Amino acid sequence: MRPIEVGILGGTGMVGQHFIRFLQGHPWFKLTWLGASDRSAGKKLKDAAPWRLDGDAPASASEIEVSDCKPGNAPQLVFSAMDASVATEIEREFAQAGHIVVSNSRNHRMEKDVPLVVPEVNPAHLSLVHAQQKNRGWKGMIVTNPNCSTIVLTMSLAPLAQFGIQRVIAATMQAVSGAGYPGVASMDILANVVPFIGSEEEKMQQETQKILGGVANGEAVPLNARVSAHCNRVAVTDGHVVAVSVEFKSKPGVDDARHAIEQFRGMPQERNLPSAPQKPLVYLSQQDRPQPRRDACRDNGMSVSVGRLRECPVLDLKFVACGHNTIRGAAGAAVLNAELMASEGFLD
Ligand SMILES: NC(=O)c1ccc[n+]([C@@H]2O[C@H](COP(=O)([O-])OP(=O)(O)OC[C@H]3O[C@@H](n4cnc5c(N)ncnc54)[C@H](OP(=O)(O)O)[C@@H]3O)[C@@H](O)[C@H]2O)c1
């Protein structure tokens with residue numbers, strides 16, 4: 001297979017850099033193009049933006065000259081890590097011009113004809129792009145991945161959907177890297193918890209219903225379940241933890257629920273996609289796990305760890321889940337979406 005050239009909209013930003021790093025050595029995708037604002041356009045990446053991640057910037061990416069975010073000379077497949085204030089229009093322009101935009105930005109996630117996909121959970125939602133192209137007269141398309149805390153919640157709930165999810169209460173403990181750079185002021189977060197992350201609770205509630213819902217007549221149909229999220233920023237570098245209580249139509253026993261979590265596999269595993277973790281969910285039986293420092297990087301940051309599954313005296317069952325927010329919750333999620341799309345023939 002010849003490598004598929006890819007670009008990154010917002011390639012100079014914090015999430016853009018996570019994409020650059022995640023794509024290094026990818027067996028299918030070759031990074032050849034970076035787009036950013038006119039502050040960066042015309043400069044090589046190494047001169048446009050300081051490298052914010054551990055280690056050095058990959059040498060090949062450092063030499064790429066950053067372009068304006070205008071369709072034209074970009075590859076057909078572009079990942080988007082655009083600033084949310086400009087992503088709406090720029091992503092639309094690219095899709096209209098025939099590009100496949102695989103976006104990590106929040107802007108289009110909740111539109112009814114835009115797939116919001118977690119490949120192990122709702123790969124069938126990709127079919128929404130046909131309605132999207134018809135509705136909008138686009139040659140290209142926009143496909144999105146969820147917010148970094150939503151992906152941890154939906155992956156851990158997916159194997160339990162068979163028991164009929166009715167109500168969910170989820171409290172997050174979210175790492176500072178989820179706020180980008182420079183993120184939360186050090187004076188606010190050191191030795192502290194900040195019990196507010198703007199718009200995060202609404203995103204978590206609505207995106208979870210959309211992802212766990214279905215598709216009918218070219219539109220996403222949200223799951224008819226009530227979801228309540230409490231979102232908190234904590235003094236952790238990487239890895240979001242979510243404490244979840246769930247009520248079911250048909251309550252499973254703890255052992256049945258654990259078995260469902262341990263057996264959970266999806267299309268990425270069946271198709272052996274390059275970024276797919278062997279096990280999307282890893283159940284940990286130690287009483288004090290999962291923990292972000294010990295568990296977020298499991299399987300290259302692509303699997304979600306689950307533990308502490310037990311009876312809930314208010315709803316039915318409760319558990320704790322943990323995932324890497326900038327890998328499974330951002331760049332890795334979008335790259336796995338693109339791999340799924342390639343395996344479905346969208347990039348032929
Ligand atoms: N940070 C996270 O962990 C995280 C997690 C999940 C989702 N997200 C989402 O991912 C997106 C990017 O977040 P981030 O933290 O990477 O932001 P960021 O570091 O501020 O980067 C924003 C990127 O957008 C570009 N940009 C800004 N204004 C532009 C314009 N007018 N035209 C073209 N490009 C423009 C910037 O280019 P210049 O360098 O030239 O300014 C930069 O490449 C946001 O939508 C955010 O909500 C972030």
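**Aromatic pairs in a predicted model**

Visitor: At 5% relative accessibility, does Phe248 count as buried or exposed?

Guide: This is a predicted model. Phe248 has a relative accessibility of 5%. The cut-off for buried is under 20%, so Phe248 counts as buried.

Visitor: How many aromatic pairs are there?

Guide: Rings of Phe, Tyr and Trp pair if their centres lie within 6.5 Å. By this rule, the number of aromatic pairs is five.

Visitor: Are the rings of Phe19 and Phe79 stacked or edge-to-face?

Guide: The ring centres of Phe19 and Phe79 are 5.2 Å apart, and the planes meet at 25°. Planes under 30 degrees apart count as stacked. The pair of Phe19 and Phe79 is therefore stacked.

Visitor: How many residues apart are Phe19 and Phe79?

Guide: Phe19 is in helix 1 (residues 14–23), while Phe79 is in strand 4 (residues 77–80). The pair links distant parts of the chain, and the separation is 60 residues.

Visitor: Are the rings of Phe163 and Phe248 stacked or edge-to-face?

Guide: Their centres lie 6.1 Å apart, with the planes at 85°. Planes over 60 degrees apart count as edge-to-face, so the pair of Phe163 and Phe248 is edge-to-face.

Visitor: Where is Phe163?

Guide: Its partner Phe248 is in strand 13 (residues 240–248), 85 residues apart from Phe163. Phe163 itself is in the loop between helix 6 (148–157) and strand 7 (165–173).

Visitor: Which ring does Arg52 lie over?

Guide: A charge sits over a ring if CZ of Arg is within 6 Å of the ring centre and within 35 degrees of the ring normal. Arg52 is at 3.7 Å from the ring centre, over the face of Tyr181.

Notes. Residues are numbered from 1 along each chain as its sequence is written. This is a predicted model: local features need pLDDT of at least 70, side-chain atom pairs count only at pLDDT 80 or more; totals for chains, interfaces and linings use all residues. Side-chain values use heavy atoms; hydrogens and water are left out. Rings of Phe, Tyr and Trp (its six-membered ring) pair if their centres lie within 6.5 Å; planes under 30 degrees apart count as stacked, over 60 as edge-to-face and the rest as tilted. Helices (H or I, at least four residues) and strands (E, at least two) are DSSP runs, numbered from the N terminus. Buried means under 20% relative accessible area, exposed over 50%, partly exposed in between (1.4 Å probe, protein chains only).
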